[in-house]
Amino acid sequence: MDWEERSREPTCERGQLVKVLVASDLASITDKIATAHIGGAEVSVDRVSDCFQADQRLRTDGKELDVIVLHVPSVSEANLRSAFSTISRSRGKPVAIVLPHKASPSTVWRCIVNGAGAVLTDDMPSTAMGHLLSLMHTGLRIPTLNEDVLPDPSVVAQKLSDRELQVLAGVCKGLQNKEIAHDFNIKEVTVKMHVRAVIRKLDAKNRTHAAMIARDLGLVG
């Protein structure tokens, strides 16, 4: 079955009750979910404060839940790992993650790869949340991004010299500095200099982050 057929498959009928567990310490997130329309169904929301408490609820009442929504208020390794751990214990229930609206494309994609059925943003209106949760409930995976987190690839590329783009391509392939230096017949110290420049110009944390940004923007083939 293709995605268009699945998106039309009725999973939430009018009058049906959909039980949603929301893990968030913000009432505003819970209120948005509570007023969202998941298909034609009524929504019953139960709120816990964090992923740890969500894990406990899944152990005791997991079978009665239909949808799980995990709010990640700030993007940190600890918060993401906590959310991914909860997804692994969700017993196949569809799980959506709510990220800050400035979350990077690589963070959104990482959530999808780790099992999130949908990635929402905290500034999204309840109507949009409802539509996306409805699609997720059919089995689709729905990543969402705000336009203001997507820089213009052509502008970013203009910041990098031809050699820096070549070095960046090598980094994206997983090559070490010595290997990149050999490929372009330059000194390893020169490669290190270019890598540092690329990291700075892409506003990346390290070479791995730079490679993720490059792939997100299509800077390298």
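Predicted model: local features only at pLDDT ≥ 70, side-chain atom pairs only at ≥ 80, totals over all residues.
The strands form an open sheet of six, arranged in the order β2-β1-β3-β4-β5-β6 with parallel pairing. Its edge strands are β2 and β6, the latter spanning residues 142-143, and each of these pairs on one side only.

Strand β1, residues 17-23, is mostly covered, with five of its seven residues buried. On one side, β1 runs parallel to β2 (residues 42-48) and is joined to that strand by seven bridges. Within this pair, L17 is placed opposite E42 of β2. Strand β1 also pairs with β3, residues 67-71, in the parallel sense, here over four bridges. V20 has V67 of β3 as its bridge partner.

The pairing continues from β3 to β4, where four bridges link the two strands in the parallel sense. L70 stands opposite I97 in β4. Strand β4 covers residues 95-99 and is mostly covered, since five of its five residues are buried. The side chains of this strand are divided between two directions: V95, I97 and L99 point one way, whereas A96 and V98 point the other way, and all are buried.

Strand β4 is in turn joined to β5 by four bridges, and the two run parallel. I97 takes part here too, with V119 as its bridge partner in β5. Strand β5, residues 118-121, then pairs with β6 in the parallel sense over two bridges. In that pair, A118 lies opposite I142 of β6.

Several of the strands are linked through helices. A right-handed β-α-β unit is made by β1, α2 and β2. Another right-handed β-α-β unit consists of β3, helix α4 (residues 77-88) and β4. From β4 the chain passes through helix α5, residues 105-113, to reach β5, and this β-α-β crossover is right-handed.

Helix α2 lies across β1, β2, β3 and β4, and runs at about 160 degrees to β2. Helix α6, which comprises residues 126-137, lies across β3, β4, β5 and β6, and its direction makes an angle of about 175 degrees with β5.

Helix α2 comprises residues 27-35 and contains S28. The relative accessible area of S28 is 42%, so this residue is partly exposed. S28 and D122 are 94 residues apart along the chain, and their C-alpha atoms are separated by 9.2 Å.

Helix α8 (residues 162-172) packs against helix α10 (residues 188-201) at an angle of about 90 degrees, and the axes of the two helices are 9 Å apart. The helices α8 and α10 are therefore roughly perpendicular to each other. On the α8 side, the contact involves R163, E164, V167, L168 and V171, which meet V191, H194, V195, A197, V198 and K201 of α10. By class, the residues of this contact comprise seven nonpolar, one polar and three charged.

Key. Residues numbered from 1 in each chain as written. Heavy atoms only, no water. Axes fitted to C-alpha atoms, helices over the stretch in contact; angles between N-to-C directions. Parallel < 35°, antiparallel > 145°, perpendicular 65-115°, else oblique. Contact = heavy atoms within 4.5 Å. Nonpolar A, V, L, I, M, F, W, Y, C, P; charged D, E, K, R; others polar. Buried < 20%, exposed > 50% of the residue type's maximum accessible area, 1.4 Å probe, protein only. Pairing = 2+ DSSP bridges. Right-handed = clockwise from strand over helix to strand, strands pointing away.
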